[in-house]
Amino acid sequence: DVENPLAPVYVATHTIEDDAENLSLAFHNPNVLFVGRDDEDGTPLVVLNAANPGSMTELSIIQTGGDVLDVVCVEGNLLFVGTENSNEEFMIMNIADLGAIVVHASINFPQVTSGLDFADNMVFAAVRSNDAIRIISAGP
């Protein structure tokens with residue numbers, strides 16, 4: 001609980017499978033937590049029901065073709081995902097139906113997307129090499 005930022009309180013923990021490393025998180029109302037994973041078992045994006053932080057449950061798993069390095073939610077039905085998928089390093093997912101999340105669009109960058117942020121209808125993507133920061137907006 002961080003209602004008082006000067007006195008944070010540990011509330012709960014949720015165990016992710018033992019091979020999960022480098023987790024990235026994005027919370028989406030109402031009470032959905034997207035967990036991006038850099039792991040060995042092929043389940044890179046997990047969707048959790050976070051209504052009860054002490055007992056979160058898995059809603060679905062989304063295959064992305066590569067480890068997920070960052071996730072960002074925005075208001076509405078969009079989830080931005082940065083991956084190590086060599087053909088789709090940046091994905092936009094439609095999350096309107098949490099049981100049937102689909103890739104709405106993707107972009108192939110010269111290297112993997114290692115970080116994402118969103119502001120003013122633009123996505124800022126950190127890319128490991130060439131053109132280290134990519135800025136993505138709606139088409140003309």
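This is a predicted model: local features need pLDDT of at least 70, side-chain atom pairs count only at pLDDT 80 or more; totals for chains, interfaces and linings use all residues.
Residues are numbered from 1 along each chain as its sequence is written, and side-chain values use heavy atoms, with hydrogens and water left out.

Strand β9 (residues 113-119) runs antiparallel to β10 and is joined to it by 6 bridges; strands here are DSSP runs of E with at least two residues, numbered from the N terminus, and two of them pair if DSSP finds at least two bridges between them. The two strands form a hairpin with 2 residues between them, and Asp120 in the turn has a positive phi of about 50°. β10 is also joined, by 4 bridges and again antiparallel, to strand β11 (residues 133-136), where Ile136 is the residue opposite Val123.

Let me turn to the open sheet, in which 4 strands follow the order β5-β6-β7-β8 with antiparallel pairing. Because β5 (68-73) and β8 (102-107) stand at the edges with a single partner strand each, one side of each is left without a neighbour in the sheet. Inside that order, β6 (residues 78-83) and β7 (residues 90-94) pair over 5 bridges, and Leu79 has Met93 as its bridge partner in β7.

Which residues touch the most other members of the largest nonpolar core? Of its 15 residues, these are Phe34, Leu45, Val71, Leu79, Val81, Met93 and Ile101. A nonpolar core means a set of buried Ala, Val, Leu, Ile, Met, Phe, Trp, Tyr and Cys residues joined through side-chain atoms within 4.5 Å, where buried means under 20% relative accessible area with a 1.4 Å probe, protein chains only. β2 (32-38), β3 (45-49), β5, β6 and β7 each supply at least two residues of this core, and β5 gives the most, with 3 residues.

Finally, there is the lining of the largest pocket, which has 8 nonpolar, 2 polar and no charged residues. Among the lining residues are Leu78, Phe80, Ile92, Phe118, Val123 and Ile136, and both β6 and β10 (122-127) supply at least two residues each. A pocket is an open set of points on a 1 Å grid over the protein atoms alone, where a 1.4 Å probe fits, with protein on both sides within 12 Å along at least five of seven lines, and lining residues have an atom within 4 Å of a point.

Definitions and conventions: Ala, Val, Leu, Ile, Met, Phe, Trp, Tyr, Cys and Pro count as nonpolar, Asp, Glu, Lys and Arg as charged, and the others, Gly among them, as polar. Buried means under 20% relative accessible area, exposed over 50%, partly exposed in between (1.4 Å probe, protein chains only).
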